Amino acid sequence: MSARKWRGALISGLALAAYAMPAAAQERELLSLEEALSRSGLSESTAETQSNPRIVGPRADTEAAQALVGQARLRPNPEVSFEVENIAGSGAFSGLSATEYTLSVGQRLELGGKRSARVQAAEAQAQLANVRADLAEAELGFLVRERYVVAAAAASRVELALDIVERNVELARIAGVLVEVGREPPLRGLRAQAALAEARAELQAAEAASLAARTALAALWSDEGAPPVVPSDFPDIVPPSTVLVSTTGLQLQAARAESRAAEAEIDRERSLRVSDPVVSAGVRRFEETNDNAFLVGVSIPLPFANRNQGNIAAAEARLRAANAREAIALADFEQAVTRARAQYLAAEARVETLSATSLPQAEEALRLVRIGYRNGRFPLIEVLSAAEARDDIREALIAAQEDQGQAAAELIRLAAQ
């Protein structure tokens with residue numbers, strides 16, 4: 001087989017594979033955005049909610065924090081002490097005749113508001129864990145919407161690449177006919193074949209990008225099977241209006257909850273400065289005289305060197321750090337809202353202009369040039385130039401729709417409460 005025939009067979013095989021892949025994809029059901037959100041576990045009463053590790057992990061942290069609240073409410077357990085004295089000694093203390101048995105019960109009394117401070121600190125940590133779990137769900141929703149939009153854009157680019165291949169196949173056929181009848185030089189035919197080969201290569205690249213985008217989407221719910229088929233139509237993602245006037249997004253709630261948890265930790269550490277006495281009561285039996293006596297005692301640690309000052313200083317430093325992160329979160333939130341809103345409005349304007357004005361004009365210009373080319377009134381270069389202009393506008397429209405969808409997904413994430 002000659003090099004030219006081998007190259008033609010290779011190009012034909014690539015084209016056949018490119019056409020076969022979309023056809024096989026159409027046999028499977030198209031995945032909508034709502035179904036993607038449901039598969040990721042963001043819909044109520046779905047099995048995926050209990051299996052998606054992106055949700056299970058944060059919710060398990062919330063359950064752990066709630067369990068620690070219950071633990072913090074418990075008081076110290078009493079202590080039982082049993083002592084035997086004057087046993088197996090020498091002289092009068094030999095044997096068991098002078099043995100003394102002491103049985104006592106002690107109870108540590110928490111002073112300085114330790115229990116209430118401990119409970120408040122645990123409750124603050126539980127609230128922080130709950131906000132972080134909600135934030136994890138909002139982040140997952142953003143990822144699903146963002147990757148779905150990317151997959152839809154990739155599917156649109158595959159359709160665009162298919163249209164370009166079909167157009168170049170027709171142009172190459174017409175160029176071959178015109179070259180045979182002497183109305184076009186052989187160079188025009190070679191140019192048409194080169195454009196067709198380039199279009200087929202772009203189709204292969206678009207197919208690969210679409211597969212990667214759909215695989216990334218399926219990874220959000222740990223789907224190890226065949227990646228879902230996403231339609232080329234962009235989903236209608238409407239950003240909420242509350243994000244423009246509200247400063248209660250989950251990002252800010254998490255930062256504020258962290259500051260409250262740091263404040264509660266300071267109170268808990270300060271309460272540990274106060275020593276807790278241990279009150280005990282018991283009975284002692286004297287084996288030598290068979291007499292009994294009651295015992296009452298109190299023991300108190302003396303806080304000479306250790307007054308928990310290191311832990312208090314560390315807690316105060318963590319509060320300063322949390323307050324700084326809260327201020328940064330507020331500034332970043334306002335900037336993110338402004339940026340996402342500007343991107344959404346700009347992309348919306350581009351979509352409107354490209355779809356309503358630019359693309360129809362380019363389609364009409366290409367139609368007229370192709371008619372003239374069939375009749376021999378325009379050279380092939382004019383058709384290719386008009387086609388490239390139309391394709392650039394379609395690509396710009398896809399990019400604008402992708403930007404609009406991603407900005408809307410970002411605004412939804414910022415507005416989550």
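Mentor: Start with R268 and E265. Their side chains meet in a salt bridge, 2.9 Å from N to O. The model is predicted, so read that distance as a computed value. Both residues lie in helix α6, three residues apart, about one turn of the helix. R268 counts as partly exposed, at 23% relative accessibility. E265 is buried, because its relative accessible area is 17%, and the cut-off for buried is under 20%.

Elsewhere, shared partners join R167, E363, R390 and D391 into one network of salt bridges.

Stay with helix α6 for another pair. The side chains of E258 and R325 form a salt bridge at 2.4 Å, N to O. This pair links distant parts of the chain: E258 is in helix α6 (residues 250–271), R325 in helix α7 (residues 309–374), and 67 residues separate them. R325 is partly exposed, with 41% relative accessibility.

R284 and E85 meet through their side chains in a salt bridge of 3.6 Å, N to O. R284 sits in strand β3 (residues 278–286) and E85 in strand β1, so the pair ties together parts 199 residues apart in sequence. E85 is partly exposed, at 27% relative accessible area.

Strand β1 also holds V84, which is partly exposed at 35% relative accessibility. V84 belongs to a nonpolar surface patch with V80, F82, I87, L96, L103 and V105. Together they have about 650 Å² of accessible area. β1 (79–85) and β2 (100–108) each supply at least two residues. β1 gives the most, with three.

Across the whole structure, the search finds 24 salt bridges.

Terms used:
Residues are numbered from 1 along each chain as its sequence is written. This is a predicted model: local features need pLDDT of at least 70, side-chain atom pairs count only at pLDDT 80 or more; totals for chains, interfaces and linings use all residues. Side-chain values use heavy atoms; hydrogens and water are left out. Patches are made of residues with over 30% relative accessible area and no salt bridge: like charges are joined within 9 Å, nonpolar side chains (Val, Leu, Ile, Met, Phe, Trp, Tyr) within 5 Å. Accessible areas come from the Shrake-Rupley method with a 1.4 Å probe; for residues, only the protein chains shown count as cover. A salt bridge is a side-chain nitrogen of Lys or Arg within 4 Å of a carboxyl oxygen of Asp or Glu. Helices (H or I, at least four residues) and strands (E, at least two) are DSSP runs, numbered from the N terminus. Buried means under 20% relative accessible area, exposed over 50%, partly exposed in between (1.4 Å probe, protein chains only).
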